[in-house]
Structure formats: C-alpha cells, structure tokens
Amino acid sequence: MFLFSAWKLKLTPLALVLSLTVSGVSILLCPIAINQSKAAETTPKLPGVKLSASKRFALVVGIDDYPQNPLILPVSDAKLVKRELESVGFEVTLVINPTIGALTEARDAFVRKIDRSGDQVTALFFFAGHGVQFDGHNYLIPAKFKLLSAPNKAAYIDQTMDAQLGILNYLSESKASQIIFVLDACRTNPFNPGHRGSGEPAGLAKMDVNSGGPDTFILFAASPGEVASDGNSGASNSPFSEAFAKAISQPGSSLPTVYEQVNEQVKKTTDGRQRPYQEGVLFNFKFREPLADPVVATRQARLLETGFERHQYDIVDDGYKLLRQTLAKKSINDIKKAAEGGDAEAQYLFGIAYNAGEGVAADPERTAYWLRRAATRGFSRAQFAYGQRLYWGWGKTKPDKKEGFEWWLVAAENGNASAMLEIGETYLYGREGVPGQDLAQAEKYFNQALSFGALEAETFLGRLYTEKAKKAQKAGDTKTFAQDSEKTLAYFQKAAQKGSSDAMYLLAHLYRYGDNNVKVDLPKAIELYKKSIFAGNSDAAVELAQLYADESTTGLGKPQPEEAAKYFRNAMSLGSKTAGVELADLIRTGKVKITPKTSKEAIQLYEQAVVNGSLRAAAHLSDLYLKGELAAKDLKKSEQYALKALELEKTTKVDSEDAWPIYVQIAYTNLLNLYKVEKLQPAKPQLVKAIEDRVGLLPLNDKMKLLTRFTVPITCGTIKFPFNVYVWDWKLDEPPTTAQFNWVEKARECEVPKDVVVSFQKLYKIARENHVSFRELSIYALTNANRKK
C-alpha cells in the first residue's frame, strides 16, 4: 500500500485586526497626526522586500488633540508606523488630528482608492488615539472632541467614529482582498467612570467579522474588557506601536511572526501586566520576505541550525531523531531554558519532547503549546508540525482542517519543502481543503519544492504524471497516455538516483507488475526493493517479504519463507506497524517451521499488535485459540479476542490494512462456531442475532461452504493487478463484495472495474429474490462466463 500524507492549499482573503490598548493613563491608541494626503517624504524599501502582484494601501490615523484630555504619543507613533509601512511597500495616506468630518472623508477616499485599484488589494488601517467602549461598541474619538458630562449613545453615534460600523465594515465591503485592521487604543475611558453605563467594562469590546467579506484576524493589546498600559514616562512610542513597527520590518515578517513578536515585546515592556489577545485566523501574508538564505541571515548563534527542508520531513520520526541528537550534547533543561528564552528551535524540540515523553512526561497540551510558540516565531518545522497536529488531529486533538492548512501555507512560505509537497498532494487528490482535484496547482507546488532542492519532489511529480496517464487511459487518448507514462518513469528514475526511498519503492512496483513502458523484471524489482530498504523504507521491506512468501504466478514461482521472515523482521526494525502481524501469519500458516520458539514469537507478535489496536491480530488470535494452532485450544480466549476484534472495528480507520473486511468476518465466523458448534455460552447474548446475520446459517464444519475466493483485475495508477475477492452468504443488504471493493479504493487507492462491481451486485439481488445461495450462484455464473470466454 502506498502511504502518502495529503495537505490542502487554499489561499483565502483574510483581514487582520491588530487592536492595541494602553492602560494606566487615559490613553487610547498611539496618537497619529491628521494629514489627509500622502506624506511627502519617501521611505526607501528595505532589502528583502519583494512586492507581489497585490497592491498595498494603508490609511494611518493619529490623534492627540483632545482639549480636555490630550495625549502625547499618537502622532509620533503614526509617523513611525507610516515610515515602516512604506519601507515594506505600502502606499500610505497619513491623517493627523482629523475632526469627525475629516475622518469620514479620509475613510471614503480610502475606500474609493481601493475600489478603483481592482482585485488583489491589501488594505491596512491603523488608528492611534482615544477610544472607548459604550453599549458594546468601540468608538474612536476624533480631534477637538469635548468630554461629555453624561455620555450617551446618541452623542457617540453623532460625534465619534464607530470602529466596527464606521471603519471595519466599510473595508470589508470594499474590493480589498485582505484587510489588516490595527487599533492602538489605550482602552481606558477618558470620561468619568461614573458616567459610563451601569456595569460598562473598562476596555474595548470584541469586534465582529463580516461573514460575507474577507476573513478577519483581530489582535487586542489586552484581553476584551481589560485595560492596557500607555507606556513608561519619557517613552517615544506606545509599547504596541513600537513593537508593531519593529516586527513588520523584520525579514520573513508573516502575520504569525508579527503577532508573536508584538506579543512578546509588549509583555516584556509592561512587565507582564499587558497580555495581547488575538481572534480570527492567521492568513497568508508577509510584510517583508525572508532573506535569500535564512541560515546566513541569522544574527546570533542558535541552538540548532536546520536551514531549508531538503526532503519530506516526518515530524514524529525525524523530529525525535533531531531531539535525540541534541540531547547527546545538551540536557533537557538546556533545551527548556533556551525555549523559555525565546529560541524557536528549542521551543520546537521541547514540543517534540512532550510529544515523545523524552525527558519530560508526555503531554499533548504542552506539545501544542510549544509547537505553536515556535511556529509563531517563524520556525518552519514547527509551523509544519503544528499544522499537522491541527489538520490530522494528533492524539485526542479534534482536527481543525482550516487552521491546520493555514499553518501549512505559512510553513511553505518560509521555505519548508515538506509543506509544499503536502499542499501539492492535496491538490493532486482533491482532498479536503481545496475545491477539488487541480493537477496544475499540484504541479506548481511540486516544482516549487523541487526548486528548494526537495529530495521527494520528483517522486511526487512522478505520481502526478501517473494520475495524468490514468486520466488519458480512461479517455482513450493513447498518445497522451504514452507521454505521461514516460514522464512518470523518468521522474521516478531521477528521484531514485538522488536517493529517494519512495521512488525506489514505486519503481520496484513497476518492475514487479509491468507497465506501459516497463516489462516485468522480478530481479530488478528485488534490487530496487533492497535499495529502498537500505534507505529506510519499511513499506519496501514488507513488499519484498510478501514477494518471497508469494505462491501465486506473480511471485518467484517457489516461495522462500525464510527470506520472507527475514524481511518482515527488517520491516519491524524500520517501524512498520503491519510487519509483526505479517510475520505471525507466516509462522501460523506453517510457511516458517513451527517450533515452540516460533509459536511463542507469533503469539507475542499478535498480542502486542492487539495492544496497539490491530483488529487483524485480534481476529487471528481468536482463530488460533479456536483451532488449537500454536497453542492449546481455548474457547474462552477465542471468544475474548473475537469480541475484541468487533470492538476494534468501531475505531479502525477505513483506509487502513486492518479495515480489510475479511478480518472482522473471521471474528464473526469464529463467534458463531463457538456458540453453535462448540456450544459455548455467549458472553454477550445480545450479539448472537447480528452474528448470524453476518455469517449465515450454512454448515460451519465445512470451510469451503462458507467462503469462496475469486480473482478479479484492479488498476492501481496505470498498473493492473490480480486481486482476490471473497464471496459468502449473509443477510445484510449489500453483498460482501461491496465492502471489499470499497476498501480497495480507500486503502489502496486502486480502482475495481465497474462491470465487476455491478455483476456481483446483480448476482446478490437475484440470489436474494430467489432465496438461493449468493456464493453458489456466483460460482455458477462466473464458471459459465469463463467457459464461454
């Protein structure tokens, strides 16, 4: 079975609202001076700023002209932010000390500018000045505004600007594709607290995102309803504006990175009194691109130097190896100290340590905490790992496909080739997160990963052209089919030459079964399997072991069970989850000489597999205790393991090897044998009726009258394989072949000819309508068909 992870890429417009509050003193966001035209001076762009096709517009507003409660910092904050925005490619309109009329005009002019510029506009709004919450709304206070002796809602509506209704909603309804909304307000109410509505909170209220507009990310300087600091006496800028301006000017300043840096700096500046708060989803945007080589750009020594990803990175295995390598030189306390000090790589490793229980107690929540911290600091492996945790739902985590996929996008932007490959594969197979299969997008991301030197990129391109060849074959386009098949072979060969174990494995399949461009060559297949095994591919070891054990015409003619056992053990050492059960089966069937030692080994392998959740192993243990194979006959143990198999059926993934329907059918059959033939008293009598429906009431002492095997063709990629399907009689609505064919498609990603599927369905319908045996009717019909052929 080919096992490849799938990731999705979907570029969605998203608005980021960074809302900062300043407490202590009656100061709202940083003050910005009013000036409705673009600033005259031009700020030179920083090195590393690479402008995309999207346009970048910003409206920056700062107000300090409040007659009864003036502010000091907003104008300097606005100028600072304007300067840094221009350095990263924004066209900035600076507005200083506007009245409510001037602020309204500036807003309208800004929206018109966005709408005239067409698609792909990133719009940023920044406000510094007084802001208050009243009746659940946040109001931005214009210049010259006089304090109300008794504030009321009507006065706020007429004389101030509602941040939600008057600014954010206007931007959301414009043609902007992305919105970044920044409020640096101090969130203390400049009016006498006694004049606030009863129970009115001191801070700003949460803001809503227009569900029909761009996605929105909101960041407050402090949690909703809480107060933030205005900064120390003599400071040039507010804590937030200073942190924000610094963060957006850094290389690789993606939104997660900006948020993390602002968050850390504000907490440090305020001695932890101010805790920024975020809402929404981090979207795909960089203020400034990373420098060409992130390793060269490093200004100080890091705990680790990992650089770009060169191959498809396995978070659990490779992350653990990296942790072990580090622990050979440093203690877990060293890593912890570096992580707490802000080192992103150390934070990543500390998360891996919690995931593996290495040096600390295993803790999924701490794993997530440290991976996220490393991710928001821009470490691509952590971004990739955190995305995987969210997308696939590690442990007991409920999957969050959308946020997980967003993190993959961020990781890909930061040069993580693994994320590029996963995104491409999501498009390749049209998996959740993209509208559907898109081979052009898949090829784009695979080539992007190839440009980064990703080892497996050409392997994925080979799989892409396998998919293209399959489509051409279905359409009857022989010319395109031949061309795409040639490209498939060429990409696999290139990747194998570079050391890709997956490419070697896939090439071995081609040589084992033959293809449009490859003749069957078992010695060549064995050679490639061995090379793939040497490169660490456990699936190749399992396949080679199965080849040595194969008694059919697709095997070596004469099975070599000792070689098979050798490679199953090899696969186990490489981490295969199925090889142990395969080896136990090999021993149990007598293909490997049965001795007390091998019998004990097989039982232990089965038992360990059951502990790890293997339905197949539970069914086979039930079988051997029922028949007295490898161990003394034990009816209670047989029942125990059969019931365990039924229990595991509920949690077994539909695309896993254990989901092969025959395994659970063995358990059902054994239970009926135990109750009807062996006369064992059922531990769960309520299940007997369901068991009878699944197995039927035919004689149980003749195995051949229960199960009949047929060989049908299936297509995996462009390769045709023989496949064994089993037929028996039961009382369920669908024939037993349906579940087997579904498993072939989900677990093996192969196709069963439609006429084969329909033929069995028709035979089952006829058998039920005429009260005859489906199994016997299938034998009769297919035997006659073969005679005619």
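Tutor: Buried means under 20% relative accessible area, exposed means over 50%, and partly exposed lies in between (1.4 Å probe, protein chains only). Please note that this is a predicted model, in which local features need pLDDT of at least 70 and side-chain atom pairs count only at pLDDT 80 or more, while totals for chains, interfaces and linings use all residues. Residues are numbered from 1 along each chain as its sequence is written, and side-chain values use heavy atoms, with hydrogens and water left out.

Student: What percentage of the 789 residues of the protein count as buried?

Tutor: The buried share is 55% of the 789 residues. Phe405 and Trp408 are both buried.

Student: How is a pair of aromatic rings described?

Tutor: Such a pair is described by the distance of the centres and the angle of the planes. Rings of Phe, Tyr and Trp (its six-membered ring) pair if their centres lie within 6.5 Å; planes under 30 degrees apart count as stacked, over 60 as edge-to-face and the rest as tilted. The structure holds 25 aromatic pairs. One of them is the edge-to-face pair of Phe405 and Trp408, at 5.9 Å centre to centre and with 80° between the planes.

Student: Why are Phe405 and Trp408 separated by about one helical turn?

Tutor: Helices (H or I, at least four residues) and strands (E, at least two) are DSSP runs, numbered from the N terminus. Phe405 and Trp408 are about one helical turn apart because they lie three residues apart in helix α13 (residues 401-413). A tilted pair is formed by Trp660 and Trp743, at 5.1 Å centre to centre and with 50° between the planes. This pair links distant parts of the chain, 83 residues apart: Trp660 is in the loop between α25 (635-649) and α26 (661-677), and Trp743 is in helix α28 (residues 736-747). Trp660 and Trp743 are both buried.

Student: Which residue lies over the face of Tyr170?

Tutor: A charge sits over a ring if NZ of Lys or CZ of Arg is within 6 Å of the ring centre and within 35 degrees of the ring normal. Arg107 lies over the face of Tyr170, 3.7 Å from the ring centre. Likewise, the charged end of Lys113 is placed over the ring of Phe57, at 4.8 Å from its centre.

Student: In which sense do β5 and strand β6 pair?

Tutor: Two strands pair if DSSP finds at least two bridges between them. β5 and strand β6 (residues 137-140) pair in the antiparallel sense, over four bridges. Phe134 stands opposite His137 in β6. The hairpin has two residues between the strands, and Asp135 there takes a positive phi near 55°. Asp135 is partly exposed, with a relative accessible area of 42%.

Student: How are two packed helices described?

Tutor: They are described by the angle between their axes and the distance between the axes. Axes are lines fitted to C-alpha atoms, for helices over the stretch in contact, and angles run from 0 to 180 degrees between N-to-C directions. Contact means heavy atoms within 4.5 Å. Helix α19 (residues 522-534) and helix α20 (residues 538-549) pack at an angle of about 145°, with their axes 8 Å apart. Among the residues that meet are Leu522 and Ile526 in α19, and Leu544 and Leu547 in α20.
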